[in-house]
Amino acid sequence: MPETVAVPSFSARIVERLNVGATSRRERVIHSLDGLEDPVHPDALATTGAHLWRLLREQVPEGLGAVDFLLGLDAGGILPTVSLAGAAHLPYKIAWKLHLPLDGAVRFSEPHAMRTDVFAYGIAPGQRIVVVDDEITTGRTLGDLTRRLREAGAVPLAAACLVEDTTRGARDLLADLGLPLVSLTTIEGAA
């Protein structure tokens with residue numbers, strides 16, 4: 001008989017980052033999928049992806065329609081993108097901080113990072129995309145990505161994240177752009 005694995009509930013908190021540059025954020029959201037504090041069981045990825053997919057379908061039912069693929073942001077956005085793709089049975093792409101000679105390049109900015117330029121490739125007019133990241137604070141990165149995808153003719157349908165900092169206006173910024181934000185959990189960030 002297969003072993004039943006207890007998957008702990010998703011959790012997140014803010015910790016201070018040490019030795020950061022002047023342009024970087026002083027805090028970091030850590031969460032139960034990042035593997036920083038505790039090992040992550042593969043079932044936790046599947047459970048989290050299924051929960052996030054259910055929330056997307058509930059909160060953006062008419063707006064989702066047919067999704068061509070998920071677009072995750074490099075580093076922190078990879079795990080939630082892969083877990084969501086598995087639950088939704090959707091393909092995914094990852095935007096990287098790599099400037100490459102590939103077709104369909106969309107360049108956008110992650111303003112609080114040391115290297116601010118991020119690139120999504122293979123973007124074409126009419127593609128229907130759900131943007132995924134691990135956390136959202138100010139919303140400026142996803143806001144810039146949304147504008148750049150639209151300039152390329154793509155259709156960003158929604159943004160999904162694991163953790164939303166509710167104190168910095170990300171939800172309002174994305175709402176002003178007509179992009180629904182779905183978050184697994186919320187946290188009050190450091191001001």
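In which loop is Val 40 found? In this predicted model, Val 40 belongs to the loop between β2 (27-31) and α1. With a relative accessible area of 30%, Val 40 is partly exposed, and, when its neighbours within four places in sequence are set aside, its contacts are with Ser 32, Leu 33 and Gly 35.

The helix that follows this loop can be described through its packing against another helix. Helix α1, which covers residues 42-59, packs with helix α3, which covers residues 78-88, at an angle of about 70 degrees, and the two axes are 7 Å apart. The angle makes α1 roughly perpendicular to α3, since values from 65 to 115 degrees are placed in that class. On the side of α1, the contact is made by Leu 45, Gly 49, Ala 50, Leu 52, Trp 53 and Leu 56, while α3 contributes Leu 79, Ser 83, Leu 84, Ala 87 and Ala 88. By residue class, the contact of α1 with α3 comprises nine nonpolar residues, two polar residues and no charged ones. Arg 54 also has its place in helix α1, and with a relative accessible area of 33% this arginine is partly exposed. Although Arg 54 and Ala 87 are 33 residues apart in sequence, their C-alpha atoms are 9.0 Å apart in space.

Within α3, the buried residues are Pro 80, Thr 81, Ser 83, Leu 84, Ala 85 and Ala 88. The surroundings of these buried residues include strands as well as a helix, for they pack against α1, β3 (69-73), β4 (92-95), β7 and β8 (155-165).

Ala 75, in the loop between β3 and α3, has a positive phi of about 65 degrees although it is not a glycine. This alanine is exposed, with a relative accessible area of 60%. Just after α3, His 89 takes a positive phi of about 55 degrees, and this residue, too, is not a glycine. His 89 lies in the loop between α3 and β4 and, at a relative accessible area of 71%, is exposed.

Aromatic rings were examined next. A search of the whole structure finds one aromatic pair, which is formed by Phe 119 and Tyr 121 and is stacked, with 6.2 Å from centre to centre and 15 degrees between the planes. The pair counts as stacked because planes under 30 degrees apart are assigned to that class. Both Phe 119 and Tyr 121 are buried. A ring is also involved in an arrangement with a charged group, in which the charged end of Lys 93 sits over the ring of Phe 69 at 4.9 Å from the centre of that ring.

Apart from its neighbours within four places in sequence, Glu 135 is in contact with Arg 25, Arg 28, Val 29, Cys 161 and Val 163.

Glu 188, by contrast, is found in the segment after β9 (181-187). Even so, Glu 188 touches Ile 14, Asp 165, Thr 166 and Thr 167, when residues up to four places away in sequence are not counted. Glu 188 and Arg 168 are 20 residues apart in sequence, and the separation of their C-alpha atoms in space is 8.9 Å.

How values were computed: Residues are numbered from 1 along each chain as its sequence is written. This is a predicted model: local features need pLDDT of at least 70, side-chain atom pairs count only at pLDDT 80 or more; totals for chains, interfaces and linings use all residues. Side-chain values use heavy atoms; hydrogens and water are left out. Rings of Phe, Tyr and Trp (its six-membered ring) pair if their centres lie within 6.5 Å; planes under 30 degrees apart count as stacked, over 60 as edge-to-face and the rest as tilted. Buried means under 20% relative accessible area, exposed over 50%, partly exposed in between (1.4 Å probe, protein chains only). A charge sits over a ring if NZ of Lys or CZ of Arg is within 6 Å of the ring centre and within 35 degrees of the ring normal. Helices (H or I, at least four residues) and strands (E, at least two) are DSSP runs, numbered from the N terminus. Contact means heavy atoms within 4.5 Å. Axes are lines fitted to C-alpha atoms, for helices over the stretch in contact, and angles run from 0 to 180 degrees between N-to-C directions. Angles under 35 degrees count as roughly parallel, over 145 as roughly antiparallel, 65 to 115 as roughly perpendicular and the rest as oblique. Ala, Val, Leu, Ile, Met, Phe, Trp, Tyr, Cys and Pro count as nonpolar, Asp, Glu, Lys and Arg as charged, and the others, Gly among them, as polar.
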